Amino acid sequence: MAALFPVLWERIEPEEAVEVIIPEAADVEFHNQLKLRNITRPIRCHAKAFMYYMSPEKVKTLLKIDPVVPDGFVLKPLQLEHAEILISLLLHGVDGDTEQAALRIRQLPSVGIFEAATDKLVAFEYNDGLGMIAHQYVYPEYRGKGLGSAVETVICQENAKVLGIWPTKAVAQLRPKVVRITERNPLWMKLLRPDGSHQLFVWNILTRNVQPPIEFYDN
């Protein structure tokens with residue numbers, strides 16, 4: 001990180017808001033480099049996250065699952081017109097995110113659950129730009145029906161079959177309910193260091209002007 005920092009900062013310095021997602025050790029050096037160079041930027045987010053993945057053996061089990069949704073609901077891929085809805089429900093969104101979401105819907109697997117009678121989108125999950133599943137969401141009035149589990153199962157299956165990659169996801173430590181749900185699922189394995197300790201990643205958002213900090217909650 002010390003060697004990379006000058007090149008990295010040259011790329012991101014002009015931006016109004018910058019997201020940097022890096023392993024915990026690299027994060028320490030990233031902030032050390034900011035201090036050494038007297039670079040001051042308001043920090044809107046500095047959140048640690050666990051990384052989870054499915055091994056090839058777990059993927060074999062995953063692909064045998066037949067996802068089921070309750071009567072009155074259907075599973076199908078998201079469409080480009082859903083991008084604006086997805087971004088409106090993000091914890092943090094900036095200009096250009098809707099276009100990025102549309103690009104990911106067009107190029108990568110995604111899944112939505114819709115009311116059969118109205119075609120209303122009630123739950124979804126898609127891929128981020130780093131090869132991980134991201135942004136699982138179920139509208140509050142539709143929770144408790146297993147829809148979140150269904151969209152996660154389908155998007156992981158699609159990533160394994162279509163993209164040929166191990167399903168992976170990050171979960172912020174500040175979302176303990178989601179951590180518990182993930183760790184109850186026997187398919188998910190937590191990424192560990194060689195010494196057995198947790199390999200944490202850190203989500204940074206640096207802004208040019210002071211903005212309210214991002215609040216994490218188990219939505």
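Mentor: A patch is built from residues with over 30% relative accessible area and no salt bridge, joining like charges within 9 Å and nonpolar side chains (Val, Leu, Ile, Met, Phe, Trp, Tyr) within 5 Å. Lys and Arg count as positive, Asp and Glu as negative, while His and the chain ends are not counted; each charge is placed at NZ of Lys, CZ of Arg, CG of Asp or CD of Glu. The model is predicted, so to speak of local features takes pLDDT of at least 70 and of side-chain atom pairs 80 or more, while totals for chains, interfaces and linings use all residues. Numbering runs from 1 along each chain as its sequence is written, and side-chain values use heavy atoms, without hydrogens or water.

On the surface, Arg143, Lys177, Arg180 and Arg184 form a patch of positive charge. Arg143 sits in the loop between strand S6 (133–138) and helix H6 (147–163); helices (H or I, at least four residues) and strands (E, at least two) are DSSP runs numbered from the N terminus. Arg143 is partly exposed because its relative accessibility is 35%, where buried means under 20%, exposed over 50% and partly exposed in between (1.4 Å probe, protein chains only).

Now for the paired charges. A salt bridge puts a side-chain nitrogen of Lys or Arg within 4 Å of a carboxyl oxygen of Asp or Glu, and eleven are counted by this rule. In one of them, arginine 41 pairs with glutamate 13, with the closest N and O atoms 3.9 Å apart. These partners are 28 residues apart and link distant parts of the chain: arginine 41 is in the loop between helix H2 and strand S2, glutamate 13 in the loop between helix H1 (5–12) and strand S1 (17–23). Arginine 41 counts as buried because its relative accessibility is 13%, whereas glutamate 13, at 34%, is partly exposed. Both belong to a network of salt bridges that links Glu13, Glu16, Arg41 and Arg208.

Another pair is glutamate 24 with lysine 48, at 2.9 Å from N to O. Glutamate 24 lies in helix H2 and lysine 48 in strand S2, 24 residues apart, so this pair too links distant parts of the chain. Glutamate 24 is buried, at 18% relative accessible area, while lysine 48 is partly exposed, at 32%.

Finally, look at glutamate 183 and lysine 190, whose closest N and O atoms are 2.6 Å apart in a salt bridge. Here glutamate 183 is partly exposed, with 43% relative accessibility.

Technical notes
Accessible areas come from the Shrake-Rupley method with a 1.4 Å probe; for residues, only the protein chains shown count as cover.
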